[in-house]
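Trainee: I'd like to learn how to read helix packing. Could you walk me through it with an example?

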Amino acid sequence: MTLTFPVSIIEDRSRTSAALSAAVRSLVEALERHGTPTEHLDTPSAIQGSSRLFIQSSTIVFVIPQRDLAPGAAADDRLDELTELVQSVRAKNPYVPIYLFGELLTARRLPDDLLAEIEGVINAYEDTPDFVARTIERQAREHLETLTPPFFRALMKYANDAAYSWHCPGHNGGTAFLKSPVGSIFHGFFGEPMLRADVCSSVEDLGQLLGHSGPVAESERRAARTFGADRLFFVTNGTSTSNKIIWNSIVAEGDVVLVDRNCHKSILHAIMITGAIPIYLNPTRNRAGIIGPIPRSEFSRESIQAKIDANPFITDKSVKPRLMCITQSTYDGIVYNAAEIREMLDGEVGALHFDEAWLPHAAFHEFYRDMHAIEQDSKRTMRSPVYASQSTHKLLAGLSQASQILLRDAEEPTFRESIFNEAFLMHTSTSPQYAIIASCDVSAEMMAGPGGEALVGDALLEAVEFRRAMGRIQAELTRQDQWWFGVWGPESGPHDGLPDRAEWSLTPGAAWHGFHNVDDGFTMLDPLKVTLTTPGLTVNGEFEEFGIPGPLLTAYLAEHGVVVEKTGLYSLFLLFTIGVTKGRWNSLIAELHRFKHAIDANIPLEDCMPRFAASRPQYAQEGIADLAAKLHAAYRERDYANLSTDIYLREPEMALLPGQAWNTMTTGKVENVPVDELAGRITSVLLTPYPPGIPLVVPGERIGAHVVNYLKQEEELERLFPGFGGHTHGLVDGPNGRTVPCIVED
Ligand SMILES: *Cc1c(COP(=O)(O)O)cnc(C)c1O
């Protein structure tokens, strides 16, 4: 293996003798003669670039500062500094070989806590530079070998060995692309390694994802240990597929399932596919439209029984729900005390499924203790196994679609591997994309050891520093009677460092969250999920005089290269992943300043949002502040914020099971009903308003008058302000306006 990373040599040049410096230079020359990349740095610059340097080195050689002529306190200070530096490398990178290089006299006096962290001490004058260089190179190679987890290592080896293949994919390691001009552009863009590594599942060296054997299985076992699960399975079609696999391995037709009303649509699809009877856990909402937690009382046996009793589709009222599923980390970043839920529902429900699409990082930091599904050192459930599905690609370093299923079984084992595997096969392609699997493998490996805690800790720190910076700007601008954006969350305080867990708990009565019925200790906001609020609407749902609707800011930011995760009426949602950097959030703040300036100066859209103005010429000449004011007035007049919150607070009547509604759809007993005539009709499709992008009515449910009213307001707003009125997925444009496919009732 050639060394991809350099050997880093770190020398405080102000503190080495001419002789020692010459020895260091000879070593660097020897390494370079062997073709080994090196990086020779002065200590101060090494400290500045520390994160990158300490992680992306194949070996680090620290040159021991020269002993003072008169031994004393000053000399020991230098060694203390060196010890600190070495320890800070170790905290981020436990395995990189570290050598000390210096004079023997000094080496004899090295403190024990320094020696404990390193590979060895090299006497600068004892061996030839060539010999020392070879020793370092061997160590570096061995180190790099150990870094790659089994599947990724096998895939790289296979791709590098360049076997001629007679199997699919048909592009044959990329060569097919080279036979056409456009194909050559594709080849050049993605590069040869990626295409060589795109192989099919008949390559035995790589094991079988679908059968969980060979290197893939070894990597899955490794990842299971890293995430604290009994079993872990890589999935290549996203958590959408992970969810269906879990459900299809557990739930049968007619089973009762207990489901978060604000679940992802893949869970609703799972309900349709399995033919389950859903009863819903209902979250609260605050008036800013933020989805609040499901209250603790919803998980009680009494509440569940009452829902079973009230449901006309359930004939056996003593039935035990087969599965519970909640969105662990809601779309606004609220997480539940999973330890408490496990305890409450153990034995009351067949299996517990936490949809942790947004929470794969929680296992790696003390901050999330008890607030995620699977924790190695927590009490095992007695009878109900715990499943989690996680989108590796959403917060960790997975490629799109990288996902994983985690299981921690109950004391009384329930897992039936053969059935689970059939469900796995039912939903996965027989040609999985190996680059996605490799990214599952690598992102799990990145989280192993102290790396995971450091990465999550860094992301938490960046998120609170962003929040603090926004708070400081707000305080300053408020003093000047100016407006600024808010950030939903507790006061992050003036203190430095990691967030304080207690502050992030949603406690009853705390003003910041705006929820009226929260339970102490039951829920917490994940600081990494940042809801930015624009002026115009308070958390209590009161419209203010001055307002800037969120969709306008989203459109502005998109035009300037900032794409947000989702938009509310007066809010935007941003995600601090492990990939976030100070530079990135500082640029965002700079962009917010420019937006503020555009508003304050009422710059015409054609100047501050030229591309948007070109696609919507009706706004081109309009000042951005004038447009914001008109939009705000229109939302306010209609009390649109409360309207769009209220539609979620009433649970519609279930006239047909979701699965039955789907069957009706496929047999064609549906008609498109105009919005005006929708009240009381049974929808056969999912209706999902954007913002906020949460399913509102599920197939088989009757559409209430309040939903019709909302759809009409939305239509009216979109007519008045094209591009800003919002839209609802599921509606179909007809010759006389929008319609919803509804079930034909006899
Ligand atoms: C995104 C998401 C999913 C689906 O995950 P993909 O990896 O995009 O398929 C499932 N559940 C929740 C809660 C999600 O947010």
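Mentor: Gladly! Axes are lines fitted to C-alpha atoms, for helices over the stretch in contact, and angles run from 0 to 180 degrees between N-to-C directions. Helices are DSSP runs of H or I with at least four residues, numbered from the N terminus. This is a predicted model, where local features need pLDDT of at least 70, side-chain atom pairs count only at pLDDT 80 or more, and totals for chains, interfaces and linings use all residues. Residues are numbered from 1 along each chain as its sequence is written, and side-chain values use heavy atoms, leaving out hydrogens and water.

Trainee: At what angle do the axes of α21 and α22 cross?

Mentor: Two packed helices are described by the angle between their axes and the distance between the axes. Here, helix α21 (residues 550-559) and helix α22 (residues 582-600) have axes that cross at roughly 120° and come within 11 Å.

Trainee: Which residues of α21 and α22 meet?

Mentor: Contact means heavy atoms within 4.5 Å. From α21, Leu552, Leu553, Tyr556 and Leu557 meet Leu588, Glu591, Leu592, Arg594 and Phe595 of α22.

Trainee: And how do I read the ligand's surroundings?

Mentor: A residue is near a molecule if one of its heavy atoms lies within 4 Å of it. There are 13 residues around the ligand, and Ser240, Asp355, Trp358, His393 and Lys394 come nearest. For polar contacts, look for a pair of N or O atoms within 3.5 Å. A polar side-chain atom of serine 240 lies 2.6 Å from an oxygen atom of the ligand. For aspartate 355, a polar side-chain atom lies 2.6 Å from a nitrogen atom of the ligand. Threonine 239 places a backbone N or O atom 2.8 Å from an oxygen atom of the ligand.

Definitions and conventions
Polar contact = N/O pair within 3.5 Å; in protein donor to acceptor, adjacent residues only side chain to side chain. Helix = DSSP H or I, 4+ residues; strand = E, 2+ residues; numbered from the N terminus.
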